[in-house]
Amino acid sequence: MEILAVFSPLFAFMVAGIFGKSIGDRGCQFVTCAGVILAALTSILLFFDVGFGGHAYAKEIAPWIISGDFNVSWALRIDQLAVVMMCVINIVSACVHVYSVGYMSHDEAKGRFMAYLSLFTFAMLMLVTADNLLQLFFGWEGVGLASYLLIGFWNHKFSANAAAQKAFVVNRVGDFGLALGIMAIFVVFGSISFDTIFEQVADKTEVTFTFFGHHVHALTVICLLLFMGAVGKSAQLGLHTWLPDAMEGPTPVSALIHAATMVTAGVFLVARMSPLFEFAPTALMVVTLFGATTAFVAATIGLTQFDIKRVIAYSTMSQLGYMFFALGVSAYGAAMFHLVTHAFFKALLFLGAGSVIHAMSDEQDMRKMGGIWRKIPFTYGLMWIGSLALAGIPPLAGFYSKDIVLEAAWADHSWFGNYAYWMGIAAAFMTAFYSWRLLIMTFHGKPRADHHTMEHVHESPPIMLAPLLVLAAGALLAGAVFYQPFVGSPKAGGSAHGEAVTETAHAEKPVAHAEKPQDKAHNQTPATKIKALSADISAEMTEALETVKEMDAEIAQGTDRHIFWGKSLKILPENDTVEAAHHVPKWVKFLPLVVGTLGIALAYLAYLLSPGVPGRIARMFKPLHILFFNKWFFDELYGQLIVRNARTLGKAFWSIGDQGIIDRFGPNGSATTAGKIAKALSRFQSGLVYQYAFVMMIVAIAMVSWFFFKSGLRDLG
Amino acid sequence: MISDFNLVPLLPEIFMALTGMGLLIVGVSQGNRATPVICAAAGAALSIAALVLLSLGWDAQTVMNGMFRFDEFAGFMKLLVLIGLIASLALSSRYLTQEDMARFEYPILIIFAGIGMMMMISANNFLTLYMGLELQSLSLYVLAAFQRYSVRSAEAGIKYFILGALSSGMLLFGISLIYGFSGTLDFTVLGKTIIGLEQIPIGLTIGLVFLLAGIAFKISAAPFHMWTPDVYHGAPTSVTALFAIVPKVAAFALLMRLLFQPFADMQEDWFQIIYFLSVFSMVIGAFAAIAQENLKRLMAYSSIGNMGYALIGIAAGTAQGAGAVVLYLMIYIVMTAGVFAVILHMRRQGLAVAKIDNLAGLSKTEPALAYGMLILMFSMSGIPPAAGFFGKLAIFNAAMNEGLYVLAVLGVVTSVVAAFYYLRIVKVMFFDEPADSFDKNEGSFARRVVLIVSVLFVIGFIIKPSILYECAMHAASALFTVAG
Amino acid sequence: MIVQALAFYLFAGILTLSALMVISARNPVHSVLFLILAFFNAAGLFVLLGAEFVGLILVIVYVGAVAVLFLFVVMMLDISFSDLRKGAMQYVPIGLGIGGILLGELMIIYGGWKFAPNMSENLAAPLLRFESSSNTQSLGMILYTDYVLAFQLAGLVLFVAMVGAIVLTHRTRAGVRRQSVAEQQKRRPEDVLEIRKITSRTGV
């Protein structure tokens, strides 16, 4: 089953990628959608089985590299963390696939687009189901590649190509850190397999590296290197500049990759490596500071942008900051919880924005929108749901997850926890504000678009709206439903850590049924195979449903989050902020909601009731506005400091090093030399037989003389 | 009178000799009309000889007054020779009629050359060695000049003959020096004599030098390779195929038996010669081929280069190295047979052509042939997963284990250079404007079978490389069990 | 002993000189004649060694057959050896140099020649059984027993040489008159003879 969940997108990609021409656009769309939907359904089953059944397992597929002490296999690690991610990825991806059928209907390369989407889905699944760091890195680079391809999908646009390159190059910085981190792990632990690493962590806390004569704590170094990778991929402050530019890609791509899934890979990485981070408090502090600062800075930028997609992009960055500081205070469950809810409402917002853009004839500037809410009421309603969820208004998903994140930060009772809490509150206020700024500028007020565009404003086709409904359902309900299992409830006792009795009972359940389809399908004709497979699947469905019923009963009894996460997350007892988060003062709990409502109210005041206010405020705080509007001058700074110098250096290397030395003496030089030698040798081949004989004699005598000479030396010596 | 008189291990050779003479009688009475029949019969005879060979017990034994040695190594190499002979006969059959040289002596000479080669492989005495060598050489001289109305063919025959005589002279001179020192022609006795020596006298070393010079000519190792391009170019293509495929195996078997058995204790000396020959062969094989326009000449240099790689395995001097050589030769003959099947197919308006340019655009005119050639060329240049890669891998591996880093690195470097001309053929076939297509309906069934088998072998080798590798290792280890 | 030594140096000296003349004589016929002289001297050396059979065979086969054949060929073909030599002359200095080196080396090697310690046992092995018989007899015995394999192989080599010679030179030409015994035997007077009565003084 896990094979089906992970590899059907790959299969779809291959079919659409290789046979795209012959099966046509329709065929590609069908194959890829079917593949991903199938993956989504199976991963939901897996979620119930593993998440509530506690059947975490790892399945080895094939050996990969065996070289000395370095053994790596292709293996799927299906544990709670993985299935949560798989569900998110596959469901959002399925929605985006279906949505793209409508959104890209005017595009020429539909097949290619769908194939790339499936490739991305597969790579992301590889990333989250990896059983070792190398496979994770494979997925990590795979999503990077797919992201590059999709950002630059409209390759006739110069800006799209530039953005794709920027994303790739900036990510390279992070990947460099990740690769170094993996190597460092191999040095310290002698393995890159998760199980082996996690088993040894407790023994390795005292290990140090010697670096320029200083002893540095090995685990801290490793964690910081890994976090560097996460910073790149999850667009945290410093390496975030690629994310807003990535909005050059088609909107479904932005929804899938740059909001819901790929950018959360960094969060996933830290959560996955939680057993290491737990022993590296310094690294956790750095993570918190990065996350909190990002959340704040991104929100300030989001206040001032006019491009609808960029606003949402900065909002994504800001929300990722939330997740990171949650990780930093050891509230891994809370971070994952926010990741899941965020995936739903942010994908919803992006796809809704896509729907708006679609309606406005590809216009993205909010200053040229407005007054269209009556024409596209459906989209309008969905955007409201998304925005409410984002702003953290109960009972939508964002309320639950954002609150627990902030509470956990406060409950950490450290200076950086407090910093994160207040930064988070500020960001929450701004989030609510810019969300309604977006809503109001886009849908309300006087129409600012030209007459022609306004006439063409139309509701999107059902194929685009249906996925939005699924996501909206997620945005509405995900918070309430998953609050209990993901972060537990105040009622559950804090004593049960990890090895609860119920869990061990479930762990004994055989996992064998996962392999059933393969066993039975062996040596059968395709038709019967499919029948057997579908029979198996339906059998499994019923089985899974029964399990779900059992689970429900248990949930009703108050399932502990420790039972849900099992061993996939590790939290030291003294760091258990999620537990503490349930026992914070009331004002801590209510402050986010209050500032959220305040932000909404202010936005109404400023943009709908007295439209002159924003301009006046902007003038009043001119320096601040300039700073925010220009995104804190990160791009300019990098351009001046790094990009320009790097270009000069690159040119120098290219003209002097590459062309002047390597090409001249390398390929070109050796090629001409080889040609010359060949000419010389063929001139030697005169065709005259006595010359040949002569050569043979000379060589024979030369060899004789050599031995003669040697024996002479020997006799003398 | 002789204690170890036993003809059983010689049965394949005896059978072949008798069949050869019988077929000659048939040929004389029936004339050239009978050529196709005799070709087929010769093929059948070789196959039967192979079966006879397989049915013998392959336990090591020395018979006929110690002159003839039969062991697993000899058996395996003979099998390779017989397969090579059958393949080259299959490649020839149609070509003979096309080129108007369908004379019944052709298959018979091949059979006799085969007997000579098998004698070389089994030689345990300088007399058998020399007789076998001359038997195969003489047959091959005649075959080279077989197209006697063609000036080129006659030239090839004469050149081969004169230089071959010179090399035989060197060989004999070397043997005479060795005999003069030890008083014996028998390998076993010679080996014992050499083991007992405290210091190798220079006379014996010089004898070995001349001996190796003579054999180096036979395997066309540079710088004794000068005849190769001219003879390969001039001889009828089917004969060139034969030259390229089979005699090398026999000469290599001979070389390995000599060096690993009687001269095992002179490794210090022969190592230097083999090293030198190997380096020269690899370099010349790689570089000189670049300038070639003719496929047959190209294959000549290619075979020189390949012999250089195989010599690395001998230089390693271990059972692993010897096994690698056997494996390498096995893969080499299969690939070469396939390539020559393609070359023999190249005919335009009834005339054989062999320029590289003639292959232009083959992928459009005859895609199946082009893809077959593509695979063979990839294999030749040692690109995985084709079989050629594994041969080189085994060789370089053996060299590395013995610390012969210079040879291994040079081998890799020259492989890269050689890849240039192999891939140039691919480029010409796939990316150049199509030339006129080759004559249709000229392909022969047997030739097609050779090509298909060759391509399948090259691709399929990866499925279970260990089988043939184990076989080769096992065969080669037979050389060491007695010597050690 | 002294007689033997004298005979050896005489034969060997003449052999070397005549071999030198074979390649340096201007007239090819002279070359062949010197070759015959060389063969004779080699035969003399064999006799000195006590190998009278080999020596006489050398005379009979090489002098009587091979060299005479050469002589015929040289006389029948109009080959100008001086033309052939023209190009080769420029290589003489290098050739002499290299030959000189080889000669020097070989002389040093032979000068300090060492035999294997067990050389005499090795040598004696095949000879022991034939102490009492004559040279010819022992050769015959050993050829058909110990060396039967080599002997048969030599036979095959000669056989291939014969086949090869025929393959490369034999051709059937049209218009060549050839005796066919069968044809001759089949002829009947009726087929070829016609008897006419001719009256005298009228002509045919």
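Mentor: Two residues are in contact if their C-beta atoms, placed from the backbone, lie within 7 Å. The model is predicted: local features need pLDDT of at least 70, side-chain atom pairs count only at pLDDT 80 or more, and totals for chains, interfaces and linings use all residues. Residues are numbered from 1 along each chain as its sequence is written, while chains are lettered from A and ligands numbered from 1 in the order in which they are written.

Trainee: Which residues of helix 4 of chain B meet helix 5 of chain B?

Mentor: Helices are DSSP runs (H or I, at least four residues) numbered from the N terminus. Helix 5 of chain B brings B:Thr128, B:Leu129, B:Met131, B:Gly132, B:Leu133, B:Leu135, B:Gln136, B:Ser139, B:Leu140, B:Val142 and B:Leu143. From helix 4 of chain B come B:Leu109, B:Phe112, B:Ala113, B:Ile115, B:Gly116, B:Met117, B:Met119 and B:Met120.

Trainee: How many charged residues does the contact of helix 4 of chain B with helix 5 of chain B have?

Mentor: Asp, Glu, Lys and Arg count as charged; Ala, Val, Leu, Ile, Met, Phe, Trp, Tyr, Cys and Pro as nonpolar; the others, Gly among them, as polar. This contact divides into 14 nonpolar and five polar residues, and the number charged is none.

Trainee: Are helix 4 of chain B and helix 5 of chain B roughly parallel or roughly antiparallel?

Mentor: Their axes come within 7 Å and cross at roughly 155°, the angle running from 0 to 180 degrees between N-to-C directions of lines fitted to C-alpha atoms over the stretch in contact. Angles under 35 degrees count as roughly parallel, over 145 as roughly antiparallel, 65 to 115 as roughly perpendicular and the rest as oblique. Helix 4 of chain B and helix 5 of chain B are therefore roughly antiparallel.

Trainee: How are helix 14 of chain B and helix 19 of chain B oriented to each other?

Mentor: Helix 14 (residues 319–345) of chain B and helix 19 (residues 445–460) of chain B have axes 8 Å apart, at an angle of about 140°. The two helices are therefore oblique.

Trainee: How many charged residues are in the contact of helix 14 of chain B with helix 19 of chain B?

Mentor: The residues that meet include B:Val334 and B:Gly338 in helix 14 of chain B and B:Arg447 and B:Ser454 in helix 19 of chain B. By class, this contact has 11 nonpolar and three polar residues, and the number charged is one.

Trainee: At what angle do the axes of helix 13 of chain B and helix 18 of chain B cross?

Mentor: Helix 13 (residues 295–316) of chain B and helix 18 (residues 405–431) of chain B are roughly antiparallel. Their axes come within 11 Å and cross at roughly 165°.

Trainee: Which helix gives the most to the side of chain B that touches chain C?

Mentor: The contact takes 37 residues from chain B and 25 residues from chain C. On the side of chain B, helices 4, 5, 6, 7 and 8 each give two or more residues. With nine residues, the one that gives the most is helix 5 of chain B.

Trainee: How many residues of chain C are in contact with chain A?

Mentor: The side of chain A that touches chain C divides into seven nonpolar, one polar and no charged residues. Eight residues of chain A take part, and from chain C the number is six.

Trainee: Where does helix 20 of chain A bend?

Mentor: Helix 20 (residues 462–487) of chain A has 26 residues. A bend is the angle between axes fitted to the seven residues ending at a residue and the seven starting there. In helix 20 of chain A, the bend is about 50°, at A:Leu477.

Terms used
The expected span of a helix is 1.5 Å times one less than its number of residues.
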